[in-house]
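Colleague: I have a structure open and would like to learn how to read a few of its features. Could you walk me through them?

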Amino acid sequence: MFLNHEAVAPFAHFSATKLTNSGNVSETAISADGRYVLNVVHDKARVSLWLLNVRTGSNTQISPPEARPVANPEFSPDGDYVYFRRGNDSTEQFWDLYRVPVLGGAAQNVIHDVDGGPAFSPGDPNHVVFIRLNDPEVTKYYLLSADLDGSNEKVLVDEKVVPAKALSWSPDAKYLADVIYTKDGGSTTLRTFDLAAKKWRTLAEFKDRDIPAVNWAPDGRGLYVCFRLRTAPSNVAQIGYVSFPRGEFHEVTNDLNGYFGVHISKDGKFIATRQTQVSVSILLQASDAVKASARVPLPPQELIVGFDWASDSEILVAGSHAVRRLNLDGSGETTLTSDPNAEVFDVVNCGRHILVPWRFKNNINQVNIWRMDPDGENLMQLTHGPADLSADCSPDGNFVYYFDFADAMWTMRIPIDGGTPEKLRLGQDNRAVVGQYGFGISRDGRWMATGSFRAAGPSQLRIHVLGLGENAAAPERSFIRDPRFMKMLRMTPDGRFVTFVINDQGSKMLWAQPVDGGAGHPLTEGSEDDLWDYRWSPDAKTLAVERIHWQVDAVLLQDSK
């Protein structure tokens, strides 16, 4: 049995071959014999599946372009199909599992509501496991099994944990492996599930890295992982190896490139992965224009994960580990706060205070909102939940609104000077999620725009405009969101429009929907580049828009031993 014999870590020496140069590969997988690499390709705002012959370089489309996103492609054990998750809409909130013949053909929907996986059984080629979240119970993690056609669905595990959605099945079919995040100690835990005993066992625990992907080595003596050090930029990940059953960690890659995904051929000689580079732009345009007229020169140190205006002539930029202030011409850069061991999620200017949502602050694995003075002094933790997201402040700067992602249904409010958080039910039932896509608060403080959807199964997201403060008794305005809706609900400074990012056949743009009804209109030009963030200047005359361009190609690693 392989379980009692651990080998020296593989890929101690390897060669790397770049398989594509198009820069538009979002996902990869490798066939069992290592002869073919499956690439998910973005082209002209649509997503298609291509089969690349590694030896000859020939490239064949096996699934035609569609506007919906695709994730987690895997070859079936018999090599006859490619399975993949496909999003139901542009929000990427609900996913189904599809399959397509490896030689091409019509894609078939086989399992509904699949949030992670799939992983196939080595012992039974007609068996698959997958992850489902929040259905039927909000905040719960479900590990399920089913036949490959979607029948015979069974729950293996249901528990309240925060998963990384990584899943793999051991070659002897006895164990499953997944990754969860634990609050206490800020740990990322790689664990295995004994299918016979129905028990979890911790294989390895890490306090300094995330693990978004995991895959068993074909000999069963270890697992390959995609990992990202918390001190690294959020777009730079590497490949590692964890021995089984001892849980000893070894690096495979360690360079300036970002490697995402880890798929192994059956002989263990090849790894298919993706090499990723990103470039960020913050574009400026007049509020009454659609086309950008200027660009903010940005600091080169880190990926910019969010920004806000500091004044009409300055902006705040949030890198992976620091918040900086700089002039619109790029001069006068000043670091306000930094922590190489914590991950910054965003930055929000509240006037007399600045908000910074931080993960791993003080080595605690949760996202909390912190407050500091405009000069970066007097840092203070405001929230203490496991996952407090989408922070925004009331126009008078006295309250902070945020979404309690761990509870998965509550919009929260807390005084900016600290205190007890208040739950804002906002009229939803106990299966609805409100606030996940952010908040838009009018600058007069009278209105809030937010969205809601039912957590269990696909549903239509509704946009709500609610009265705040002295206007709290005002009738709620509600409408079904634009089917192109993607993310990031806000309001225009005058409160007349709800704004959000849309995906129009793969072209991302900012859209304005009138609060009082009527036709909406674009606020920006469309682009295939992600629209990551947007903010109006304090005087409301300028709109700043952050765009991120992803350059991603398939790479094949070959063990040299």
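This is a predicted model: local features need pLDDT of at least 70, side-chain atom pairs count only at pLDDT 80 or more; totals for chains, interfaces and linings use all residues.

Colleague: Let's start with cysteines. How many disulfides does a search of the whole structure find?

Modeller: A disulfide is a covalent bond between the sulfur atoms of two cysteines. Here the search finds one. It joins Cys-350 to Cys-393, with an S to S distance of 2.2 Å.

Colleague: Which parts of the chain does that pair tie together?

Modeller: Cys-350 is in the loop between strands S30 and S31, and Cys-393 is in strand S34, so the bond ties together parts that are 43 residues apart in sequence. The torsion about the S-S bond is about -105 degrees, so this disulfide is left-handed.

Colleague: Are Cys-350 and Cys-393 buried or exposed?

Modeller: Buried means under 20% relative accessible area. Cys-350 has 7%, so it is buried. Cys-393 has 10%, so it counts as buried too.

Colleague: Now a sheet. What is the order of the strands in the open sheet of four?

Modeller: The order is S10-S11-S12-S13, and the pairing is antiparallel. Strands S10 (116-120) and S13 (154-159) are the edges, each pairing on one side only. On average, neighbouring strands in this sheet are turned by 15 degrees against each other, direction ignored. Look at S10 and S11 (residues 127-133): three bridges join them. Across that pairing, Phe-120 stands opposite Val-128 in S11.

Colleague: What about aromatic rings?

Modeller: The count comes to 15 aromatic pairs. One of them is Phe-11 with Phe-14, a tilted pair at 6.4 Å centre to centre with 55 degrees between the planes. Phe-11 is buried at 1% relative accessible area, whereas Phe-14 is partly exposed at 26%. Phe-120 returns here: its ring centre is 5.1 Å from that of Tyr-83 and the planes are at 65 degrees, so the pair is edge-to-face. Tyr-83 lies in strand S7 and Phe-120 in strand S10, so the pair ties together parts 37 residues apart in sequence. Both Tyr-83 and Phe-120 are buried.

Colleague: Which residue has its charged end over the ring of Tyr-181?

Modeller: That is Arg-359, at 4.7 Å from the ring centre. Likewise, Arg-99 lies over the face of Tyr-81, 4.6 Å from the ring centre.

Methods:
Residues are numbered from 1 along each chain as its sequence is written. Side-chain values use heavy atoms; hydrogens and water are left out. Two strands pair if DSSP finds at least two bridges between them. Helices (H or I, at least four residues) and strands (E, at least two) are DSSP runs, numbered from the N terminus. Axes are lines fitted to C-alpha atoms, for helices over the stretch in contact, and angles run from 0 to 180 degrees between N-to-C directions. A disulfide is a pair of cysteine sulfur atoms within 2.5 Å. Buried means under 20% relative accessible area, exposed over 50%, partly exposed in between (1.4 Å probe, protein chains only). Rings of Phe, Tyr and Trp (its six-membered ring) pair if their centres lie within 6.5 Å; planes under 30 degrees apart count as stacked, over 60 as edge-to-face and the rest as tilted. A charge sits over a ring if NZ of Lys or CZ of Arg is within 6 Å of the ring centre and within 35 degrees of the ring normal.
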